[in-house]
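Reader: I would like to learn how to read the features of a protein model. Could you walk me through one, step by step?

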Amino acid sequence: QVQLVESGGGSVQPGGSLRLSCTASGRIFMINAVAWYRQAPGKQRELVATISSSGSTSYGDSVKGRFNISRDNVQNTVYLQMNSLKPEDTAVYYCNAFGKTAAWAEYRHYWGQGTQVTVSS
């Protein structure tokens with residue numbers, strides 16, 4: 001089983017910055033990609049950013065130019081640097097990893113518990 005733990009959320013004023021982290025542990029054989037999603041009350045879940053095993057990245061239109069996703073393979077951690085935060089960024093942010101626990105295992109998605117980000121003045 002792969003465990004994902006998000007951290008770094010909190011409350012900030014508009015224009016502020018936060019860095020979220022997603023750390024993987026457990027029976028990890030391979031993680032092909034990691035994504036950050038977010039969901040605000042009454043809204044659909046939204047894809048924020050992705051990073052592949054090769055290091056390629058992609059971003060949702062609403063955060064492009066403001067957010068940056070990166071990885072630290074030694075620490076098994078993926079980061080989401082969030083700058084120029086807006087009230088519309090308020091949501092619970094979830095880490096999702098697509099991987100497998102052994103060479104013979106099937107690929108599947110793993111989810112973290114989420115971390116709250118609140119942007120308000």
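Author: Let us begin with a definition for sorting residues: Ala, Val, Leu, Ile, Met, Phe, Trp, Tyr, Cys and Pro count as nonpolar, Asp, Glu, Lys and Arg as charged, and the others, Gly among them, as polar. Please keep in mind that this model is predicted. With those classes, the lining of the largest pocket divides into 9 nonpolar, 6 polar and 2 charged residues.

Reader: What is the idea behind finding a pocket, and how much space lies in the largest pocket here?

Author: The general idea is that rolling a probe the size of a water molecule over the atoms shows where empty space is left. In this model, the largest pocket holds about 290 Å³ of space. Its lining is made of 17 residues, and those nearest the pocket's centre are Ile 31, Val 34, Asn 73, Asn 76 and Val 78.

Reader: Which strand gives the most to the lining of the largest pocket?

Author: That is E4, with 4 residues. Strand E4 covers 30-39, and at least two lining residues each also come from strand E3 (18-26), strand E5 (46-52), strand E7 (67-72) and strand E8 (77-82).

Reader: Which residues line the second largest pocket?

Author: The second largest pocket has a volume of about 150 Å³. Its lining consists of Arg 38, Gln 39, Ala 40, Lys 43, Gln 44, Glu 46, Glu 88, Thr 90 and Ala 91. Sorted by class, that makes 4 charged, 3 polar and 2 nonpolar residues.

Reader: Let us turn to covalent links. How many disulfides does a search of the whole structure find?

Author: A disulfide is called when a pair of cysteine sulfur atoms lies within 2.5 Å. The search finds 1 disulfide. Cys 22 is joined to Cys 95, with an S to S distance of 1.9 Å. Cys 22 sits in strand E3 and Cys 95 in strand E9 (residues 91-100), so the pair ties together parts that are 73 residues apart in sequence.

Reader: Why is the disulfide of Cys 22 and Cys 95 left-handed? And are these cysteines buried or exposed?

Author: The handedness follows from the torsion about the S-S bond: here the torsion is about -75°, so the disulfide is left-handed. As for burial, both Cys 22 and Cys 95 are buried.

Reader: What should I look for in a nonpolar core, and which residues touch the most other members of the largest one?

Author: The general idea is that in soluble globular proteins, nonpolar side chains tend to be buried together. In this model the largest nonpolar core has 26 residues, and Leu 4, Trp 36, Val 48, Phe 67, Leu 80, Met 82 and Tyr 93 touch the most other members. Two or more residues of this core come from each of strand E1 (2-7), E3, E4, E5, E7, E8, E9 and strand E11 (115-119).

Reader: Now for polar residues. Is Thr 77 buried or exposed, and what does its side chain contact?

Author: The cut-off for buried is under 20% relative accessible area. Thr 77, in strand E8, is at 7%, so Thr 77 is buried. Its side chain makes a polar contact of 3.0 Å with the side chain of Thr 23. A polar atom of the Thr 77 side chain also lies 2.9 Å from the backbone oxygen of Gln 75.

Reader: What about the backbone? Which phi value does Ser 84 have?

Author: Ser 84 has a positive phi of about 50° although it is not a glycine. Ser 84 lies in the loop between E8 and E9 and is partly exposed, at 40% relative accessible area. Asn 76 likewise is not a glycine, yet it has a positive phi of about 55°. Asn 76 is placed in the loop between E7 and E8, and with a relative accessible area of 44% Asn 76 is partly exposed.

Key:
Residues numbered from 1 in each chain as written. Predicted model: local features only at pLDDT ≥ 70, side-chain atom pairs only at ≥ 80, totals over all residues. Heavy atoms only, no water. 1 Å grid on protein atoms, 1.4 Å probe; cavity = no way out; pocket = protein on both sides within 12 Å on 5 of 7 lines; lining within 4 Å. Points joined across faces, edges and corners; volume = space filled by probe spheres on them. Buried < 20%, exposed > 50% of the residue type's maximum accessible area, 1.4 Å probe, protein only. Core = buried A, V, L, I, M, F, W, Y, C linked by side-chain atoms within 4.5 Å. Polar contact = N/O pair within 3.5 Å; in protein donor to acceptor, adjacent residues only side chain to side chain.
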